[in-house]
Amino acid sequence: MSAKNIITPALRAAVHLHSSKLTTSLSKSAAAYLSSAPAGGKHTLPDLPYDYAALEPSISAETMEIHHSKHHNTYVTNLNVSLEKLDDAVSKGDVSSIIGLQGALKFNGGGHLNHTLFWENLCPKGSSEFPTSGPLKDAVDARFGDFESMKKEFGAMTVGVQGSGWGWLGLNAKTGLIEPATCANQDPLQATAGLVPLLGIDVWEHAYYVDYRNVRPSYVNAIWDVINWSKVEERLTAAK
C-alpha cells in the first residue's frame, strides 16, 4: 500500500482531515493501534496456561497473582481507555490529541504485548528443558557458543537494565542470528530494536520484589528453571 493510500477516502471524509494536517507516519500509527483491537473491540487479560503456584519456588504464587491480575490487567485497562480516546480524537480530526496519546499507547500497548509473551515464556520447573539438538540449540551455539555462555551473557545484560525494563532474546531477520537486547520500560522489542521476540525476562521490580526484594540477580538466576524452551523454539521456527 502506498503512503498516499494510508488514509482511505472514507476515513478522510469521516474525520475531515487533509494529508497536510495528519502526517503519513501519524496516520499509520493511529490506524495500526485502532486495528489492533480484537473482534470484540477491547483487549482482554489472557488466561494463564498454569496455576499461579505452578512456578514456585522460582516465582511465588503471590508474585504471579499480583503481576498478572493487577499489573498486567492495569496495562490492558489503560490500553483500552487510550484506544477509546484515540478513536474519538481521530473522529474529530484532533491531531494534537492523537499526538498526545502516543506515549500512553506505546506504554500500555507494550505492557500488554510484553506480558502476554512473558507468560507464554514460562512453565512449571522440569516441564521444558533446553533442547539437546534442533534449531534453537543451533542458533544459541552459533551466537553464544553454548547454552551456559548464553545464560551468562544474556543474564548479565538483563540484570544490568537501568531502572525498569526487559531483557530479550530476539531474532535478527536480516542476519538469521539470535541476539540479546534490552528495552526500557515497556518498549516492545520489535518496534524498538527490530528483533523478533523469542524470550523476554521482565525486570520491573513488581516481577520479583516479593520474592527477592531488590536482589535482581537472584531472580534472573532462578527464572532459568521455569523457561518454556519449547515455546521459544516454536517462536524461532515461526520467525524464520
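Is Cys183 buried or exposed? I looked it up: Cys183 is buried, with a relative accessible area of 3%. I use "buried" for under 20% relative accessible area, "exposed" for over 50% and "partly exposed" for values in between, with a 1.4 Å probe and protein chains only.

**Ground rules.** I am reading a predicted model, where local features need pLDDT of at least 70, side-chain atom pairs count only at pLDDT 80 or more, and totals for chains, interfaces and linings use all residues. Residues are numbered from 1 along each chain as its sequence is written, and side-chain values use heavy atoms, with hydrogens and water left out.

I checked Cys123 next. Cys123 is buried too, at a relative accessible area of 7%. Then I looked for disulfides, meaning pairs of cysteine sulfur atoms within 2.5 Å. The count is zero.

**Whole chain.** I found 11 helices and three strands. Helices (H or I, at least four residues) and strands (E, at least two) are DSSP runs, numbered from the N terminus. Along the sequence I read α-α-α-α-α-α-α-β-β-α-β-α-α-α. The C-alpha atoms fill a box of roughly 55 × 40 × 30 Å along the principal axes. Of the 240 residues, 43% are buried. I also looked at contacts, which are heavy atoms within 4.5 Å. Among contacts with a separation of 6 or more, 69% come from residues 24 or more positions apart. The chain exposes about 11900 Å², and carbon and sulfur atoms supply 53% of that area. These areas come from the Shrake-Rupley method with a 1.4 Å probe; for residues, only the protein chains shown count as cover.

**Helix 2.** I tested its length. Which residues of helix 2 are buried? They are Leu26, Ser27 and Ala30. Seen down the axis, the buried residues fall within an arc of 100 degrees, so they line one face of helix 2. The arc uses the directions from the helix axis to the C-beta atoms. The buried residues pack against helix 3 (61-92), helix 4 (95-100) and helix 5 (102-121).

**Cores.** A nonpolar core is a set of buried Ala, Val, Leu, Ile, Met, Phe, Trp, Tyr and Cys residues joined through side-chain atoms within 4.5 Å. The largest one has 45 residues. Leu122, Tyr219, Ile223, Trp224 and Trp229 have the most contacts inside it. I followed Trp229: leaving out residues up to four places away in sequence, its partners include Phe130, Leu136, Phe147 and Trp224. A second, separate core has 11 residues, among them Ala30, Leu79, Val95 and Leu101.

Most residues other than glycine have a negative phi, and most peptide bonds are trans.

- The peptide bond from Glu56 to Pro57 is cis, with omega near 5 degrees. Pro57 sits in the loop between helix 2 and helix 3.
- Asn185 has a positive phi of about 50 degrees. Asn185 lies between strand 2 (177-184) and helix 8 (189-193), and is partly exposed at 37% relative accessible area.
- Arg213 has a positive phi near 55 degrees. Arg213 is in the loop between helix 9 (209-212) and helix 10 (216-223), and is partly exposed at 47%.
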